[in-house]
Amino acid sequence: MRARWARVATGPNSFDYYKSCPACYRQFGREVWRFAYTQVGTSYPNTARSEYGLTDKRMAKSNPYGIQSLCGEHRRGKGASASNAGLALPANAVLGKFVQNSWK
Ligand SMILES: [Zn+2]
């Protein structure tokens, strides 16, 4: 399954973004949501709580800040630990994606 994105409004112009990890989907047999980043307005995202991290190599119009495809544990090649099986999306999460750098 391809990664999906969800966005949660946390203020008038601020959002938390979540992304599913495709390797976690294979490991756990279900979609696993992980925190991607926080963004206020058009500022550069805050990745302090991110389970992915950003890399210029993945920047694209469908991924404007270059978030990593796989979660940190999968990037390190060990698989996700059972105690780190993802987050429940907040009730006000909205599924979407970036199209031409804009959230749709
Ligand atoms: Zn993963």
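**Entry 1: lysine 19**

I looked up lysine 19 and found the residue buried, because 24 other C-beta atoms lie within 10 Å. I applied the rule that a residue is buried if 20 or more other C-beta atoms lie within 10 Å of its own, exposed if 12 or fewer, and partly exposed in between, with C-beta atoms placed from the backbone. I note that this is a predicted model, in which local features need pLDDT of at least 70 and side-chain atom pairs count only at pLDDT 80 or more, whereas totals for chains, interfaces and linings use all residues. I number residues from 1 along each chain as its sequence is written.

I placed lysine 19 in strand β2 (residues 14-20). I take helices (H or I, at least four residues) and strands (E, at least two) as DSSP runs, numbered from the N terminus. Leaving aside neighbours within four places in sequence, I listed Ala3, Trp5, Arg34, Ala36, Tyr52 and Ile67 as the contacts of lysine 19. I count two residues as in contact if their C-beta atoms, placed from the backbone, lie within 7 Å. I also checked lysine 19 against tyrosine 37: they are 18 residues apart in sequence, and their C-alpha atoms are 9.2 Å apart in space.

**Entry 2: the sheet**

I traced an open sheet of four strands in the order β3-β2-β1-β4, paired antiparallel. β3 (33-40) and β4 (94-96) are the edge strands; each has a single partner, so one side of each lacks a neighbour in the sheet. I found an average twist of 30° from one strand to the next, with axes as lines fitted to C-alpha atoms, for helices over the stretch in contact, and angles from 0 to 180 degrees between N-to-C directions.

I regard two strands as paired if DSSP finds at least two bridges between them. β1 and β2 are antiparallel and share six bridges, and I saw alanine 6 opposite tyrosine 18 in β2. A hairpin of two residues leads from β1 to β2. On the β4 side, strand β1 (residues 5-11) is joined to antiparallel β4 by three bridges, and arginine 7 faces valine 94 in β4.

**Entry 3: the nonpolar core**

Which residues touch the most other members of the largest nonpolar core? I found Tyr17, Cys21, Cys24, Ala36 and Cys71, out of 14 residues in this core. Strands β2 and β3 each supply at least two residues of the core, and β3 gives the most, with three. I define a nonpolar core as a set of buried Ala, Val, Leu, Ile, Met, Phe, Trp, Tyr and Cys residues joined through C-beta atoms within 7 Å.

**Entry 4: the whole chain**

I counted two helices and six strands in the protein chain, running β-β-α-β-α-β-β-β from the N terminus on. The C-alpha atoms fill a box of roughly 35 × 30 × 25 Å along the principal axes. I noted that 23% of the 104 residues count as buried. Of the contacts with a separation of 6 or more, 43% are between residues 24 or more positions apart.
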